[in-house]
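Hello,

Here is the structure you asked to look at. Please open it alongside this message and follow the residue numbers as you read.

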Amino acid sequence: MLFANTPQPPYYAVIFTSKRTENDEQGYGKVADLMVELASKQPGFLGVESVRDEHGLGITVSYWATLESIKLWKENMDHRMAQSKGKSDWYASFVTRISKVERDYSFYR
């Protein structure tokens, strides 16, 4: 499945848009996978979708049941260590946005 299987709205989306540095340390992919694994075990986690282009621009959207569940994930110690490594090594820049999903609709062929 390419898309996160989210419930009926409302729920929340954390939109993380990033530009990678030239530092393509092997640990990045491993840590990114670990963060998805850890987030999926957090109360309130609903799913994630992520893409990155050949120029290093990436967008990851994680879905959460509540603002409190987002706050708890942000405070997770392993996540905080990954954030620190991202700022020091892996990202040239990033923006995080938090939105409430009021409605959604889809199409599947």
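Below are the main findings, starting with the sheet and ending with the charged pairs.

Please keep in mind that this is a predicted model.

The sheet. Four strands make up an open sheet, and their order is β2-β3-β1-β4 with antiparallel pairing. The edges are taken by β2 (45-52) and β4, each with a single partner strand, so one side of each has no neighbour in the sheet. From one strand to the next, the twist averages 15°. Strand β1 (residues 11-20) and β4 run antiparallel and are joined by ten bridges. To find this pairing on screen, look for K19, which stands opposite S93 in β4. Helix α3 (residues 77-90) lies across β1 and β4, and it runs at about 140° to β4.

K100 is part of strand β4 (residues 91-101). Is K100 buried, partly exposed or exposed? Its relative accessibility is 43%, so K100 counts as partly exposed. Leaving out residues up to four places away in sequence, K100 touches P10, Y11 and Y12. I70 is 30 residues from K100 along the chain, and the C-alpha atoms of the two are separated by 12 Å.

A nonpolar patch. On the surface, L2, F3 and Y108 form a nonpolar patch, and together they have about 380 Å² of accessible area. F3 belongs to the segment before β1. With a relative accessible area of 44%, F3 is partly exposed.

The charged pairs. Side chains of opposite charge can pair when their charged atoms come close. How many salt bridges does the structure hold? There are three salt bridges.

- E37 and K41 meet through their side chains at 3.5 Å, N to O. E37 counts as partly exposed at 42% relative accessibility, while K41 counts as exposed at 59%.
- E75 pairs with K71, with the closest N and O atoms 3.1 Å apart. Both residues lie in helix α2 (residues 67-75), four residues apart, which is about one turn of the helix. E75 is partly exposed at 40% relative accessibility, and K71 is partly exposed at 42%.
- K85 pairs with D89, with the closest N and O atoms 2.5 Å apart. Both are in helix α3, again four residues apart, about one turn of the helix. K85 counts as partly exposed at 28% relative accessibility, and D89 counts as partly exposed at 21%.

Regards

Terms used:
Residues numbered from 1 in each chain as written. Predicted model: local features only at pLDDT ≥ 70, side-chain atom pairs only at ≥ 80, totals over all residues. Heavy atoms only, no water. Helix = DSSP H or I, 4+ residues; strand = E, 2+ residues; numbered from the N terminus. Buried < 20%, exposed > 50% of the residue type's maximum accessible area, 1.4 Å probe, protein only. Contact = heavy atoms within 4.5 Å. Pairing = 2+ DSSP bridges. Axes fitted to C-alpha atoms, helices over the stretch in contact; angles between N-to-C directions. Patch = residues over 30% accessible without salt bridge, like charges linked within 9 Å, V, L, I, M, F, W, Y side chains within 5 Å. Areas by Shrake-Rupley, 256 points an atom, 1.4 Å probe, with all protein chains shown as cover. Salt bridge = Lys/Arg side-chain N within 4 Å of Asp/Glu carboxyl O.
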